[in-house]
Amino acid sequence: MWNRIIWLFILFLLGRHLCFPTEKNDGNSNVSVPVTSKYLELADSADYFIALENWNRAEEVIIKALRLEPANFTNSLLLANLGLVQTQKGEYSKALESLSSGLSLAPSSTVLLNNRAHTYLLIDSLKSAKNDLDKSLAIDSIQEWTLQTRAFLYLNEKEFSNAVTLFEKIRREFPNNSSVYSGLAAIAESNGEIEKAEENYKEALAINPEDEEAREAYIFLLIDSDHFTEARSAIKDALIQNPENPMYYLLRGYLHKLNYRYDEAQADKKIAISKGIEPAYASQFIP
């Protein structure tokens, strides 16, 4: 149950990370200005296609710009975009190569380090991801996504003291960040402090009622701690808020199964699968 909770939040953070650089130099002073209008035109076109999530065209125009002015220091920004575009396409090896090339030009770029960490996480290369996140935070210690992700990776390794230190920092710097309380709830749950965990999940949802990862984890906690009445009520509210979330049907079915209502459990399992839950995953809760 622990790994499922932590990876639920890590996957949420991966989904949130889409860090296309807008800075002119990302903290690097030795930047040459593009010398041709064509270079700028291609860079603008890349931004346009990225906004449309047309990853193929974005990749095409970025590569054209890089080939047009291969010695331009500003290429570090284009390479940051190229790496993330390739990540969106699932071309992880190419993405890592592009991001590493960018870092050879701008080794202090937090954008490039964060983007490469993001890609490493997607291929489950946790050691490399943690290394890049630590380097990024050493350059700029106040980065919300980077702090969150590093904190949850500490949680994944059950390094609770380090995780709490980062969560407290996030709470001070970003008071509207609901994931802080989700992280603290996960720690409390792991320590058997169920009431404290519940309160932290409630605080996360008070800050952000649309934090579905926190809501799902909260419902799992209620079910696993045999608080079935509260879980039933929470699932009902969740389905009113978002009837298209397949996890809520799986959770309702799981609760039915625990109450020996097998036909209803199987019906909810079918709904969850029809809305996108992997059958193998659903079968872990409702055989």
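Figure 1. At 24% relative accessibility, glutamate 91 counts as partly exposed, because the partly exposed class takes in whatever falls between buried, under 20%, and exposed, over 50%. In this predicted model, the residue forms a salt bridge with lysine 89, and the closest N and O atoms of the two side chains are 3.5 Å apart. Lysine 89 is likewise partly exposed, its relative accessible area being 28%. Across the chain, the count of salt bridges comes to 13.

Figure 2. Arginine 171 is paired with glutamate 168 in a salt bridge whose closest N and O atoms are 2.5 Å apart. Both residues belong to helix 9, which spans residues 160–173, and they are 3 residues apart, about one turn of the helix. Arginine 171 counts as partly exposed at 28% relative accessibility, and glutamate 168 is also partly exposed, with a relative accessible area of 27%.

**Figure 3. A salt bridge between two loops.** Glutamate 244 and lysine 275 form a salt bridge, with 3.1 Å between the closest N and O atoms. This pair links distant parts of the chain, since glutamate 244 lies in the loop between helix 13 (228–241) and helix 14 (246–258), while lysine 275 lies in the loop between helix 15 (262–274) and helix 16 (279–285), 31 residues apart. Glutamate 244 counts as exposed, at 53% relative accessibility, whereas lysine 275, at 30%, counts as partly exposed.

**Figure 4. A network of salt bridges.** Three residues, Arg57, Glu60 and Lys64, are linked with one another in a network of salt bridges. Side chains of opposite charge can pair when their charged atoms come close.

**Figure 5. The largest nonpolar core and the surroundings of phenylalanine 167.** The largest nonpolar core is made up of 50 residues, and those with the most contacts inside it are Leu155, Phe167, Tyr201, Ile219, Ile223, Leu250 and Leu251. Helix 12 (residues 212–224) gives this core its largest share, 8 residues. Apart from this core lies another one, of 16 residues, which includes Ala43, Ala46, Trp55 and Ala65. When residues up to four places away in sequence are not counted, phenylalanine 167 touches Ala151, Phe152, Leu155, Ser179, Val180, Gly183, Leu184 and Ile187. In soluble globular proteins, nonpolar side chains tend to be buried together.

**Figure 6. The second largest pocket and its lining.** This pocket has a volume of about 200 Å³, and the residues that line it are Ile63, Leu66, Pro70, Asn75, Leu79, Leu82, Gln86, Lys94, Glu97, Ser98, Ser101 and Leu105. Helix 3 (55–68), helix 4 (75–88) and helix 5 (92–105) are the elements that give two or more residues to this lining, and the largest share, 5 residues, comes from helix 5. By class, the lining has 6 nonpolar, 4 polar and 2 charged residues.

**Figure 7. The chain as the setting for the close-up views.** The protein chain contains 16 helices and 0 strands, and 52% of its 287 residues count as buried. Among the contacts between residues at least 6 apart in sequence, 57% join residues at least 24 apart.

Terms used:
Residues numbered from 1 in each chain as written. Predicted model: local features only at pLDDT ≥ 70, side-chain atom pairs only at ≥ 80, totals over all residues. Heavy atoms only, no water. Salt bridge = Lys/Arg side-chain N within 4 Å of Asp/Glu carboxyl O. Buried < 20%, exposed > 50% of the residue type's maximum accessible area, 1.4 Å probe, protein only. Helix = DSSP H or I, 4+ residues; strand = E, 2+ residues; numbered from the N terminus. Core = buried A, V, L, I, M, F, W, Y, C linked by side-chain atoms within 4.5 Å. Contact = heavy atoms within 4.5 Å. 1 Å grid on protein atoms, 1.4 Å probe; cavity = no way out; pocket = protein on both sides within 12 Å on 5 of 7 lines; lining within 4 Å. Points joined across faces, edges and corners; volume = space filled by probe spheres on them. Nonpolar A, V, L, I, M, F, W, Y, C, P; charged D, E, K, R; others polar.
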